[in-house]
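Student: Could you take me closely through one part, the places where the chains meet, with the chains themselves as background? I would like one connected account.

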Amino acid sequence: MGLVESGKMPKSLTKLLNMSRRYSMWVYQWGLACCAIEMGAAFASPRYDVMRLGVIPLPASPRQADFLVVSGTVTDKMAPAVRRLWEQMPDPKYVISMGSCANCGGPYWDSYSVTKGVDQIVPVDVYVPGCPPRPEALLEGIVLLQERIMNEDMAERWKGDPIVVE
Amino acid sequence: MSITTENEQLAYIASQAADARVNVEVETDEGMTLNLGPQHPATHGTLRIIAKLDGEKVVAAEPIMGYMHRGYEKLTEVRTYPQVTTLINRIDWLGSFANEVPFILAAEQLMEVEAPPRAQWIRTILFELSRIANVCLFLGDMAVQVGATTPVFYAFRDREFVLNQIERVTGGRFHPNFDRIGGLKDDLPKGWIEETRGALDRMKSFCDEMEELVLGNEIFQARTRNIGVIPGDVALSYGLSGANLRASGVDWDIRRDANVGLVYDQVDWKVWTHPDGDSFARFWVRLQETREACNIIEQLLGSIPSGPIMAKVPRIIKVPEGEAYVATENPLGEMGYYVVSKGDLTPFRVKIRSASFSNMSITPWILKDVFVPDIISILASLYFILGDIDR
Amino acid sequence: MADIPEHLLKRAQAAREKAETEQPVDEQPSSEPAETDTAVAVVEEEVIDVDEKAEKTLNKIIEGLGEKVLSSHIAPNRGLWIRVSSENWRQTAQFLHDELDCTFFDWLSVIDWMPSPYGRELDTEQDIEPEQDSTEPEQMEWGYTGGDTRFQLICRVYSISNGIGIMVKADLDNQSPRALSLIPIYPGANWHEREAREMFGVTFDEHPDLRNIYLPGDFEGHPLRKDYPLLSRRMKPWPGIVDVEAMPGEDK
Ligand code: SF4
């Protein structure tokens, strides 16, 4: 799609493409700590039902995923693996950082073994704060990501600032 | 480096893998090496297992931990006592309230204060509720690991009822930070007792459902019976505790035999053991314990004494000099804190004895000579939580 | 930084002093079991509770190990501590395992008794510079059963048949802390010893495999030693210096 990268896509076509991308996203869940349970509740429990947002959880491999949810504490030992997994995902790819730990280190801000924020390793699109964020907060983060995708100019990708869920 | 023996190879792989930079797939004449994790659905968390295979048989297996090491023991040295509870909540994240209790009890022992009876009652109730919230997920997850997908959805569904009850008291779904030195932060909200009864009924029917769905299932039995057998004396020498120990026929439960500060002596309940020591026994014991927890809570709900929920403690908590070790029977097993105090605002040293760490230390022994698919079911039945291993 | 109200400080101080005076004086290491017994009796006189079970167990241990028990401490209904030298570490464990039926291996760890050179790391001011020169270390104070050296090995074993847990301590050499591994007696000690090696730099002889268990292979230092600094705290002030907030309806 050389057209996309050069930014010469007709507006209506962009919109159509974006809309279809927005409602068919595979999410790769990188559950690391306590937040993973809330993520599991959001993805696997019938009460929160993430599929109604057009998000399909549990892909077989990161190579099929459109966006990644990093939930939980990233340690220095884990960091290379997170990076590596992110590199395996096909473009365009997005990252949601879930929980204070992944955002900035959280309760372990002064620990000797915790990475202070996953954004040091991979670019993050949406930060969901909380310790742990409720499943609803994660869903809101996903909705915000979808909005971002909807309004996205593909050529401009990565130039915008991260969104913070209030 | 020249690799000649099996052990050398395993050590080499492990040293490489420890840095998480290489993906290990080594094939030699004798067999192949299989790498599970660190992110693998079956390790529910970030555990990595490197297994050396001979055909379908595991010759040696080596768990690599530390992907979730957050340095609790160091951080507690720079947190005040009330701040520590916020932190240690997050060790075993499925049954958080249970993590706070032994630490608070240890601090109370040193300060020589005792929580008023009402606080002790509520503590015990919340303790058992977090056991249900924790083990409930195990019951669902274990079924997933042997190939049945549905039960975990049931587990997530019914767990919400218990979490709601915990949330109504503590304000947090699973990091309550509710326990205080000398009592509790708050009293029970109005109408809570009745609602909890409803949630317990729900849990009981969940247990029945699991019994029908999973326990009697032929495939489940084939995958778990006589798999991963741990004899009682081995379990003891490795420091296994909790349901893993009782499933090996050792009749020992801290709640009954070394109870500190909680009111288990006020209720009529039973310790479940199973003589077999296999994966099936571990599942069975946990299922019975969930039922028993419902039973304990129900009895306690009917007899909560009235009175204050907080003993008199100074506003700024300085714990007198001394050392104390208090352990409780957490959902995962024995969890204890060895607190050394020098009379400061912060503990001098806290040693955290977490259940999963000891429970998992048996893996190199137990994963010998099993088949590859059994790795998963054995690990699932040992039931660990990564935060509890790595701390 | 919010100031701690004066009266609270005073109260805390008074409470601490009271606790200090009431604290039983740690006995000196003695080679005579008889003396240890009297010291135990002194402890019990002060507290109404008498822990018969612990006392009986202690007598048995002293009978069996004799002079190897350097000192001991009983906190009624809380626990039983004994201290041995690091040469007798494994023997003691063997004795407890065989004679007292302590088959349950609970945990093993190390305590670093050196006061932290960085203060409590609670206040920003203290974070920037170490409190005093590390050449002139502050006086070390040991907990129950006393001690001689900076590192103390501590291990808890439990006897299910007798229903009592015993905490065993051993002093380690300052320069090269080492002890014999307990794996032949308790295989479960394996990981605990690896952890102690990694966190404190204590070597366990005859341990088959003392690799790092938690930290990446190229991690430097032993984080749980008191002189290991938490670097993040140097960069950022700690937001929660004092844990006092005015209650609703109360003037600060
Ligand atoms: S943000 Fe809180 S809940 Fe989430 S992983 Fe970190 S400590 Fe756990």
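Tutor: Chain A has six helices and six strands, where helices (H or I, at least four residues) and strands (E, at least two) are DSSP runs numbered from the N terminus. Read from the N terminus, the order of elements in chain A is α-α-β-α-β-β-α-β-α-β-α-β. This is a predicted model, in which local features need pLDDT of at least 70, side-chain atom pairs count only at pLDDT 80 or more, and totals for chains, interfaces and linings use all residues; side-chain values use heavy atoms, with hydrogens and water left out. Residues are numbered from 1 along each chain as its sequence is written, while chains are lettered from A and ligands numbered from 1 in the order in which they are written.

Chain A has 166 residues, of which 61% are buried; buried means under 20% relative accessible area, exposed means over 50%, and partly exposed lies in between (1.4 Å probe, protein chains only). Of the contacts in chain A between residues at least 6 apart in sequence, 77% join residues at least 24 apart, a contact being heavy atoms within 4.5 Å.

Confidence comes next. The pLDDT, the predictor's confidence in each residue from 0 to 100, averages 80 in chain A, with 87% of the residues at 70 or above. Within chain A the highest confidence is in strand S5 (residues 126–128), at 89, and the lowest is in strand S6 (residues 163–164), at a mean of 50. Chain B has a mean pLDDT of 81, and 90% of its residues reach 70 or more. Residues 16–26 of chain B stay under 50, although the model has 35 contacts beyond four places in sequence for them. Where pLDDT is low, the predicted coordinates should not be read in detail.

Now the interfaces. Between chain A and chain C, seven residues of chain A are in contact with 15 residues of chain C. About 890 Å² is buried there, 65% of it from carbon and sulfur atoms; buried area is the accessible area (1.4 Å probe) that two parts lose on being put together, summed over both. One residue pair is in polar contact across the interface of chain A and chain C, both residues at pLDDT 80 or more. The side of chain A that touches chain C consists of two nonpolar, two polar and three charged residues. Here Ala, Val, Leu, Ile, Met, Phe, Trp, Tyr, Cys and Pro count as nonpolar, Asp, Glu, Lys and Arg as charged, and the others, Gly among them, as polar. A polar contact is a pair of N or O atoms within 3.5 Å; within protein, one must be able to donate a hydrogen and the other to accept it, and residues adjacent in sequence count only if both atoms are side-chain atoms.

Between chain B and chain C, 61 residues of chain B are in contact with 65 residues of chain C. The area buried between chain B and chain C is about 5,400 Å², with 58% from carbon and sulfur atoms. B:Lys74, B:Arg315 and B:Glu323 give 13% of the area that chain B buries against chain C, more than any other three residues. There are four salt bridges between chain B and chain C. One joins B:Arg353 to C:Asp106, with the closest N and O atoms 2.7 Å apart. Polar contacts across the interface of chain B and chain C come to 14 residue pairs, both residues at pLDDT 80 or more. Strand S6 (residues 322–330) of chain B gives the most to the side of chain B that touches chain C, namely four residues. By class, that side of chain B has 28 nonpolar, 14 polar and 19 charged residues.

B:Glu62 and C:Arg194 also meet in a salt bridge, at 3.9 Å from N to O. It runs from strand S3 (residues 57–64) of chain B, where B:Glu62 lies, to helix H6 (residues 189–200) of chain C, which holds C:Arg194. Both B:Glu62 and C:Arg194 are buried.

Chain A and chain B are linked too: A:Arg134 and B:Glu167 form a salt bridge of 2.5 Å, N to O. A:Arg134 lies in the loop between S5 and helix H6 (135–150) of chain A and B:Glu167 in helix H6 (residues 150–170) of chain B, so this pair joins two chains. A:Arg134 is partly exposed, at 31% relative accessible area, and B:Glu167 is partly exposed at 22%.

Terms used:
Salt bridge = Lys/Arg side-chain N within 4 Å of Asp/Glu carboxyl O.
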